[in-house]
Amino acid sequence: MKILLISPERERKKEEAFLFKLSFLNLPYLASVTPAGVEVKIVDEAFEKIDFEEKVDLVGVTAQTPAAPRAYQIAKEFKKRGIPVVMGGVHASMLPQEAIQHVDSVVVGEAEEVWPDLIKDLKRGQLRRIYVASEPSHSSHLPFPRRELLNEKFYFPLKLLETTRGCPHHCDFCGVSKFFGFRYRHRPIPEIERELCTLFQKGPVMSPRLKKILSLVSIDLPYFLKKKLLYIIDSNIAGDKRFCLELLSLLKEFDLLWYGHAPVSIAFDQSLLKGFAKSGCIAINIGFESFSPKNLNDMGKGFNQPDHYAEAVHRIHDQGIGIMGTFIVGLDDDDPSVFQRIIDFCIGSKLDWALTFIMAPYPGTNSYLRLEKEGRIFCRDWEKYDSLNAVYQPLQMSVEELESGMRRTWKEVFSISSIYKRILKRPWIHPLFYLGMNWQFHKLTRKW
Ligand code: B12
Ligand code: SF4
């Protein structure tokens, strides 16, 4: 038996394509719980053409909302050829009744537990229409994703790792706690250690002498040359302080550079911050979201305190850690001045990298339900649900003002003068890494 797993890529305007090509873990996780003896192939449509004539027994497609229409087209092609198609992932889980109109079977929720049953049913010719993971998988014991099924030549040489699932918060625009549950689950440290050992060698990146010489050019260079780079994809790496501190000590043993997502509050926890710094953290990805307390309260993220943002950035920088910030615009308390506020903050506080997104009411989230009830959603084309397009009517500006303001924000944040002030003016924080990242986005925004 052979299964083809596909990560679809929607048609995008060239200038909207994100530049850092990252690998992914969801399909490799699925492959790892596929019963022995079943052959699995993964195709990443961002880089490979799908061969619709390939002889396979089952096709599995994943999709976030913007890629769902493309996933449905792919399903149609295989179904035409008599091959059953199953869909999973966040979009299908939020809208199983929509997805099932396009595929033979839908997996709702985390797939690790139900996937082996689905394969058994397929073998018996009794594929069910919907499989629901009973509740967010209680097990924190995850298999190791089969990364070897991805062609590493396609991707930036950065390894991905997942250490936790779930989130105790319920920000209204976010699907994480709806999908993975409110219970924050972390994997056992020894299992993470074993997985890390399959990715990196423990110990120093290279001999201290060589490292010193290369560090004269850039302190990051030894790590880039040795590809000791890690992205921890968890939505919040610091949800359990004790676990987080243990994880940080473990990362230190590998002597690598890594980045991940955490809330702004970690800036005010000195022991955590020091742990991050010592562990090789090069960046913390922080969702600042808004400067308006009303917006933050409305979205259920009142724990973010805008008055403390500047101080937080300062404290994180003080530990030699950079910040990738994200902001959301088009919220109900946002008038057209919101864009300049973000630009000034990014430049004034020397934010190392920052993206500003238009609020996207993803299906299944509270923001979707609210805006739907208020009759403000005017676009149901899922491809446009990518946070770069407005799909609902904002309250205090026009749709055009919102979209052009978002683009102006990107342009100004990634302008030469901004890059100079944020990255090249001392004190430096990993300038090689951030110069590269900012330059990519500078080039992208010049085409707008
Ligand atoms: C890391 C991450 C990113 C990284 C991607 C890195 C990468 N290549 O993996 C970056 C920063 C680039 C990114 C970008 C975006 N992201 Co993102 N991201 C995440 C994050 C934090 C983790 C994703 C992940 O790998 N999870 C772990 C895997 C194992 O979980 P999973 O994908 O859900 O897969 C499981 C099940 O769904 C199921 N499954 C999945 N596929 C399939 C297929 C089949 C056949 C079956 C049976 C089962 C199955 O099995 C898996 C194991 O249980 C999630 C939140 C989260 N914690 O999941 C948001 C999240 C997925 N992102 C989200 C969004 C909105 C985006 C962007 C659109 C944001 C933007 N405006 O740019 C872009 C889109 C990028 C794109 N692909 O076009 C939303 C998606 C909402 C939605 N309805 O689609 C999420 C849920 C966060 C949120 N705010 O709600 N993201
Ligand atoms: S935005 Fe972050 S803190 Fe809020 S629910 Fe999503 S993952 Fe949790």
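Colleague: Strands here are DSSP runs of E, at least two residues long and numbered from the N terminus, so in which strand is the place of Glu289?

Modeller: This is a predicted model, and in it Glu289 has its place in strand β12, which covers residues 281-289. The phi of Glu289 is near 65°, a positive value in a residue other than glycine. Most residues other than glycine have a negative phi.

Colleague: Is Glu289 buried or exposed?

Modeller: Glu289 is buried, because 23 other C-beta atoms lie within 10 Å, and the cut-off for calling a residue buried is 20 or more.

Colleague: OK, and what is the phi of Asp255?

Modeller: Asp255 has a positive phi of about 45°, although it is not a glycine. Its place is in the loop between helix α10 (241-254) and strand β11 (257-261). Asp255 counts as buried because it has 20 C-beta neighbours inside 10 Å.

Colleague: Let's move to the sheets. What is the strand order in the one that contains β12?

Modeller: That open sheet has 6 strands in the order β7-β10-β11-β12-β13-β14, and the pairing is parallel. β7 (159-161) and β14 (353-358) stand at its edges with a single partner strand each, so one side of each is left without a neighbour in the sheet. From one strand to the next, the twist averages 20°.

Colleague: How many bridges join β10 to β11 in there?

Modeller: Strand β10 (residues 229-232) is joined to β11 by 4 bridges, and the two run parallel. Leu229 has Leu257 as its bridge partner in β11.

Colleague: And what is the order in the open sheet that contains β1?

Modeller: In that open sheet of 6 strands the order is β2-β1-β3-β4-β5-β6, with parallel pairing. Its edge strands are β2 and β6 (130-132), each of which pairs on one side only. The twist there averages 20° from one strand to the next.

Colleague: Which strands does β1 pair with, and over how many bridges?

Modeller: β1 is joined to strand β2 (residues 39-44) by 6 bridges, running parallel, and β1 also pairs with strand β3 (residues 58-62) in the parallel sense over 4 bridges. To place this on residues, Ile3 stands opposite Val40 in β2 and has Leu58 as its bridge partner in β3, while Leu4 stands opposite Val59 in β3.

Colleague: Why is β1 described as largely enclosed?

Modeller: Strand β1 (residues 2-7) has 5 of its 6 residues buried, so it is largely enclosed by the rest of the structure.

Colleague: Switching to the ligands, how many residues surround ligand 1?

Modeller: Ligand 1 is surrounded by 33 residues, and the closest are Gly60, Thr62, Gln64, Gly88 and Ser387. At least two residues of that shell come from each of α1 (26-32), β3, β4 (85-88) and α3 (90-94).

Colleague: Then which residues are around ligand 2?

Modeller: Around ligand 2 are Cys167, His169, His170, Cys171, Cys174, Val176, Ser177, Ser235, Asn236, Gly287 and Lys301. That shell divides into 4 nonpolar, 6 polar and 1 charged.

Colleague: Which residues of helix α15 are buried?

Modeller: In helix α15 (residues 366-373), Ser367, Tyr368 and Leu371 are buried. They cover an arc of only 100° around the axis, which puts them on the same side of α15. The helix is followed by Gly375, whose phi is positive, near 70°.

Colleague: What about Lys278, how far is its C-alpha atom from that of Gly322?

Modeller: The C-alpha atoms of Lys278 and Gly322 are separated by 14 Å, and the two residues are 44 residues apart along the chain. Lys278 lies in helix α11 (residues 270-278), and it counts as partly exposed because it has 13 C-beta neighbours inside 10 Å.

Colleague: Last one: is the peptide bond from Arg426 to Pro427 cis or trans?

Modeller: The bond from Arg426 to Pro427 is cis, with omega near 0°, whereas most peptide bonds are trans. Pro427 is found in the loop between α17 (416-424) and α18 (431-446).

Key:
Residues are numbered from 1 along each chain as its sequence is written. Chains are lettered from A and ligands numbered from 1 in the order in which they are written. This is a predicted model: local features need pLDDT of at least 70, side-chain atom pairs count only at pLDDT 80 or more; totals for chains, interfaces and linings use all residues. A residue is buried if 20 or more other C-beta atoms lie within 10 Å of its own, exposed if 12 or fewer, and partly exposed in between; C-beta atoms are placed from the backbone. Two strands pair if DSSP finds at least two bridges between them. A residue is near a molecule or strand if its C-beta atom, placed from the backbone, lies within 6 Å of it. The arc is that of the directions from the helix axis to the C-beta atoms. Axes are lines fitted to C-alpha atoms, for helices over the stretch in contact, and angles run from 0 to 180 degrees between N-to-C directions. Ala, Val, Leu, Ile, Met, Phe, Trp, Tyr, Cys and Pro count as nonpolar, Asp, Glu, Lys and Arg as charged, and the others, Gly among them, as polar.
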